[in-house]
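This report describes one protein model for a reader who has not seen it before. Please look over the sequence and the structure before reading on.

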Amino acid sequence: MYQPFLNIEAEVIETEQTIRRIVSIPIEGDIRHFACTKFPIKNEKGELYRIGNITIEVTDQIEAENAARRQAQVIENVTEGVMVVD
């Protein structure tokens, strides 16, 4: 489960650059999405000595974007009229 996060850390160590990724992992039977930013923290000699991390769960946002995209595709492919009832 944690391997995607460890892969990002390895990339930070290798490149010494900030890395931003959306990571999707299964948790309790659901796929959860996380916006992960990891960045190098250097000492006074300019050497990498820590990795900073900011990770936020963005599952609701990703699901809303996917639903909007599906809705747009349906509307785009409709050959008949569409009636919206409120």
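Which side chain does the side chain of His33 join in a polar contact? The partner is Ser24, and the contact between the two side chains is 2.6 Å. A polar contact is a pair of N or O atoms within 3.5 Å; within protein, one atom must be able to donate a hydrogen and the other to accept it, and residues adjacent in sequence count only if both atoms are side-chain atoms.

The model is predicted: local features need pLDDT of at least 70, side-chain atom pairs count only at pLDDT 80 or more, and totals for chains, interfaces and linings use all residues. Residues are numbered from 1 along each chain as its sequence is written, and side-chain values use heavy atoms, with hydrogens and water left out.

**Overall layout**

The protein has two helices and three strands, and from the N terminus on the order of these elements is α-β-β-β-α. The radius of gyration is 20 Å, well over the 12 Å that the globule rule gives for 86 residues, so the protein is more spread out than a compact globule. This radius is taken over C-alpha atoms, and the rule is 2.2 Å times the number of residues to the power 0.38. Along its principal axes, the C-alpha trace spans about 65 × 30 × 20 Å. Helices (H or I, at least four residues) and strands (E, at least two) are DSSP runs, numbered from the N terminus.

Of the 86 residues, 19% are buried. Here buried means under 20% relative accessible area, exposed means over 50%, and partly exposed lies in between (1.4 Å probe, protein chains only). The accessible surface of the protein is about 6900 Å², and carbon and sulfur atoms hold 50% of that surface. These areas come from the Shrake-Rupley method with a 1.4 Å probe; for residues, only the protein chains shown count as cover.

Among contacts with a separation of 6 or more, 29% are between residues 24 or more positions apart. Contact means heavy atoms within 4.5 Å.

**His33 and its surroundings**

His33 belongs to strand β2, which covers residues 30-42. His33 is buried, at a relative accessible area of 13%. Apart from neighbours within four places in sequence, the residues in contact with His33 include Val23, Ser24, Glu57 and Ile62. Ile62 is part of helix α2 and is buried as well, with a relative accessible area of 18%. Along the chain, Ile62 and His33 are 29 residues apart, while their C-alpha atoms are separated by 7.3 Å.

Glu76 is also placed in helix α2, residues 59-77. At 67% relative accessibility, Glu76 is exposed. From Glu76 to His33 there are 43 residues in sequence and 27 Å in space, C-alpha to C-alpha.

**Lys38**

Lys38 is found in strand β2. Is Lys38 buried or exposed? Lys38 is buried, with a relative accessible area of 5%. The side chain of Lys38 is joined to that of Glu9 by a polar contact of 3.0 Å. Beyond four places in sequence, Lys38 is in contact with several residues, among them Phe5, Ile8, Val12, Ile19 and Ile51.

Most residues other than glycine have a negative phi.

Glu16 sits in the loop between α1 (3-15) and β1 (19-27). With 34% relative accessibility, Glu16 counts as partly exposed. Not counting residues up to four places away in sequence, Glu16 touches Glu11, Pro40, Lys42 and Leu48. With Lys42, Glu16 makes a polar contact of 3.1 Å, side chain to side chain. Glu16 and Ile51 are 35 residues apart in sequence, and their C-alpha atoms are 9.4 Å apart in space.

Glu28 is placed in the loop between β1 and β2. At 80% relative accessibility, Glu28 is exposed.
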